[in-house]
Amino acid sequence: MPTNNTRYYLGFNLIPGVGPARLARLIEECGSLEAAWSADELAMAMAGLDKRTSAALCAGRQRINLDHELERVERAGVTLLSIDDPAYPHLLRNIPAAPPLIYVRGSIEFHNTWTVAVVGTRSPTSYGREVAQRLSYDLAQNGITVVSGLALGVDSIAHQATLDAEGRTLAVLGSGVDQPYPERNRDLAARIVKHGALISDYPLGTRPVAMNFPARNRLISGLSLATLVIEAGERSGALITVDFALEQGRDVFAVPGHIFSRQSIGTHRLIRDGASLATCAADILESLNLTVAAVQQEARSELPTDPIEAKVLDLLTYEPQPIDEIGRAVAMQAGEVAATLAVLELKGLVRQAGPMEYVRR
């Protein structure tokens, strides 16, 4: 049940201009959160609130019915966690200007602080897609909660791979948790609610606007022990998450890419500037000194006894390969290669990484 403090945190969260720093000063000036909600103009001025913010607070107190707002949140199936709630994420509580209130749609189990943010470009190459899928899947298999932002590209792949591994994932939104964005990820968001949570510090009903997304990135890094960057251009939004991670004292990892790819400019610069290089989940787990939380996945099946299947499987690596190149390498007709790959895929030994491209599992 929401505490009395939660009521007032919710009220302040609905007042434009009252961020964590201003709210902290107002509470200090008034002596308590409840007193801060009832602050007079002198107390607001003493706390350093400008006239515009003070006017917004006065108007908001007249307009907002806290009981009705709490009921609205409950009807939406959303949980409120204030910063003084024991269930509030420990890692997030310790960042500078931590959000006083977060909205959670899904599981509120944050006792497991084995969390890693996976971020990157919205337009990954086939290499980037494969890296995001494999590393996120392997992190989830090792008991890591994967945090990302539900955006297209690397974010979506990270969430999807974690769900495929039957792991837990958190999506931090630049909108209300009742307004997941983008539209094409609505189904993915619904799955995340069942196997993790949608999280935001924006009120219900907040529409996704461009200015919200850089600010929400501080929550992505703040919820995580470390941030992993997979493909980022020179001005990628993922680099904003890195800046927040460094400010919060969190580790940063980057995956190297092709040196001629524009999508690797940002990640290579991070590595040059001191980010840890990551080529597999083990690099991250070992660097963070994490004990593996799940038993390593057993081999899906024994090596195939069919010589043609074995020949094709031996050729495949974790780098996506077009089916025509596979055919040339093993001197087989296209139809025969396709049939063999289909059998190997059914056995769980290979996976289609893209249109007519395959990788080894």
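There are nine salt bridges in the structure, a salt bridge being a side-chain nitrogen of Lys or Arg within 4 Å of a carboxyl oxygen of Asp or Glu. This is a predicted model, where local features need pLDDT of at least 70 and side-chain atom pairs count only at pLDDT 80 or more, while totals for chains, interfaces and linings use all residues. Residues are numbered from 1 along each chain as its sequence is written, and side-chain values use heavy atoms, with hydrogens and water left out.

Take glutamate 130 and arginine 351, a salt bridge whose closest N and O atoms are 2.7 Å apart. Glutamate 130 is in helix H8 (residues 126-141) and arginine 351 in strand S11 (residues 350-354), so the pair ties together parts that are 221 residues apart in sequence. Helices here are DSSP runs of H or I, at least four residues, and strands are runs of E, at least two, numbered from the N terminus. Are these two residues buried or exposed? Glutamate 130 is buried at 5% relative accessibility, and arginine 351 is buried at 13%; buried means under 20% relative accessible area, exposed over 50%, partly exposed in between, with a 1.4 Å probe and protein chains only. Glu130, Arg134 and Arg351 are linked in a network of salt bridges.

Next, aspartate 50 pairs with arginine 22 in a salt bridge, with 3.1 Å between the closest N and O atoms. Aspartate 50 is partly exposed at 32%, and arginine 22 is partly exposed at 25%.

Last, glutamate 69 and arginine 72 form a salt bridge at 3.5 Å, N to O. Both lie in helix H6 (residues 66-75), three residues apart, about one turn of the helix.
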